[in-house]
Number of protein chains: 2
Amino acid sequence: MTRRLSELLRVPPGAVDLRAIDPRGTPGLPRSAGKDPKTWARAQLPILGAELFAWQEKLFAQAKTGASRQRLLLLLQAMDCGGKDGTIKKVVGEFNPQGVHIVAFGKPTEEELAHDFLWRIERGLPGAGMIGVFNRSHYEDVLVVRVHNLVPPRTWRARYAKINRFERKLVADGCAVVKVMLHISPAEQKQRLLDRLDDPTKYWKYDSGDIDERALWPAYQDAYADALGKCDSDDAPWYVVPADRKWYRDWAVANLLLEKLRELSPAYPPADFDPDVERGRLVTQPEVNSG
Amino acid sequence: MTRRLSELLRVPPGAVDLRAIDPRGTPGLPRSAGKDPKTWARAQLPILGAELFAWQEKLFAQAKTGASRQRLLLLLQAMDCGGKDGTIKKVVGEFNPQGVHIVAFGKPTEEELAHDFLWRIERGLPGAGMIGVFNRSHYEDVLVVRVHNLVPPRTWRARYAKINRFERKLVADGCAVVKVMLHISPAEQKQRLLDRLDDPTKYWKYDSGDIDERALWPAYQDAYADALGKCDSDDAPWYVVPADRKWYRDWAVANLLLEKLRELSPAYPPADFDPDVERGRLVTQPEVNSG
């Protein structure tokens, strides 16, 4: 592709209009995808995965020596059935699990509510060398909290600036941030809810409250538009990934991560020892027997 | 195979003699593995992985409704270069990362040292529905701590009983435990250390202290033998997995997990709603437009 996916999917400057973004769209898909782009994209995933895995090892390795605090946070937001879990399974599943730190932010506990809204977020941040994944995030505090009037408007309105300050500090501290909204249509959500009701192995994913939330779709979309518009920055940009087609969603998120990792370009650290000296020590060591 | 791998690899009753277990052995490998068992075992891994993944989803699902606190902890111990990281990458990598909680226990921090040795272990336990992985564990407190005399003998000697009580409580609380010692030979360790010294992309895995530790091999084997013998129980058995051959190691650990998951037999929870009622609510809901 001529333009990078991170340019194509970045929220446009100014007021965000999510209705202008087609949830069934496939921006940036190359011509080589051909007439069966689904099969193509599914076959691409392990290839992209191998490169993600290789970058991750370098990120992890360079933190090991304490020389770098670089890390990467993938933040996922979506309406119910938007595909956050599926994206984690398929895309994040390509990484070495030992270097991944996934945190799902549900309804806040009493302890969490007793603190500032960013308290639990700070505690969930990835350490140096890690790939962090937020399944929902501090953005819920300007989304569900706003739609359900859980705090006064002046409280949630003040949060956009707080979030921007928080993320700016985070990026300055070496934590790169990729923020993704998985964008689905109401029709696709309805189909996915029906699928869950038709399949006993999916009942556990169904929550009858989802239908009530669904009725608030326009209010949520307004809240998303504001959050994305007010909290997009060059340091911590927002991407809207059309997500009605799961194969496109996975391909796109993998590519967004890959573009960021290439930009970070972590590298294996140099030896903090002399390999020849160590080899000599090892070879001349008295034979070790098995005890 | 006629006997389950969990029977074949379980430490024998009585005093454990690790020298009697061949690190290059491949116990339980079926005849069907044929003349190229490495290729066979590598091809088996994704098949075993698919079954692990399926069981994991049920384990995760049944915890979601709060009806079950069942979870599974894989505990890995080994000499340096024993393959803990490789096992996590290859075997644990087959699970859905969202249901995996991996904790690596390194040299204790000052805060950790200020508490009982099981304090940090408790904090690292998997939640309901999760697959927990311990990369090293509380056993270090009767291994490295004993070999280096970091506490008086009466202190570490008292820990075997404490560990047994802790693990018994854990299992009673719904956390199944699979304890694996990856058993390598001193010759294999030497080769792996040399490999790290020969490859700049592996320097970060090398620690010059590993050679000093290697000189203490017999003392470590004694400490392992005691730990495995004194802390093996039907509830929380110890398995010794011959680990000089990585392909056997991965195949064996995957099978041990699988046997335990089949035994636990987690199941999708029943609906806590009436699917027909919900379908009706959804279908009769006023059309939701995209806002």
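In this predicted model, chain B and chain A bury about 5100 Å² between them, with carbon and sulfur atoms giving 64% of that area. Three residues of chain B stand out here: Gln98(B), Trp204(B) and Leu282(B) supply 16% of the area that chain B buries against chain A, more than any other three residues. In terms of contacts, 51 residues of chain B meet 51 residues of chain A.

How are the two copies arranged? Two copies of a chain are related by a rotation about an axis and a shift along it. Here, chain B is superposed on chain A by a rotation of 180° with 0.0 Å of shift along the axis, and the RMSD is 0.0 Å. That is the relation of a two-fold axis. A handy landmark for finding this axis in chain B is Pro97(B), whose C-alpha is the nearest to the axis in that chain, at 3.2 Å. The same surface serves both copies, as 100% of the contact residues of chain B recur in chain A.

The interface also holds polar and charged pairings. Four salt bridges are found across the interface of chain B and chain A. Asp212(A) takes part in a salt bridge with Arg281(B), where the closest N and O atoms are 2.9 Å apart. Across the interface of chain B and chain A there are also 18 residue pairs in polar contact, both residues being at pLDDT 80 or more.

Several helices of chain B contribute to the side that touches chain A. Helix H2 (37-64), helix H3 (84-90), helix H8 (186-198), helix H9 (209-214), helix H10 (217-230) and helix H12 (275-284) of chain B each supply at least two residues of it. By residue class, this side of chain B divides into 27 nonpolar, 11 polar and 13 charged residues.

Turning to annotation, an unreviewed UniProt entry lists residues 49-262 of chain A as "domain: Polyphosphate kinase-2-related". In the model, the span of residues 49-262 of chain A is 50% helix and 15% strand, and its end C-alpha atoms lie 13 Å apart.

Technical notes:
Residues numbered from 1 in each chain as written. Chains lettered and ligands numbered in written order. Predicted model: local features only at pLDDT ≥ 70, side-chain atom pairs only at ≥ 80, totals over all residues. Heavy atoms only, no water. Least-squares fit on C-alpha atoms with pLDDT ≥ 70 in both. Contact = heavy atoms within 4.5 Å. Buried area = accessible area lost by both parts, 1.4 Å probe. Salt bridge = Lys/Arg side-chain N within 4 Å of Asp/Glu carboxyl O. Polar contact = N/O pair within 3.5 Å; in protein donor to acceptor, adjacent residues only side chain to side chain. Helix = DSSP H or I, 4+ residues; strand = E, 2+ residues; numbered from the N terminus. Nonpolar A, V, L, I, M, F, W, Y, C, P; charged D, E, K, R; others polar. UniProt positions renumbered as here; feature names shortened; annotations may be inferred.
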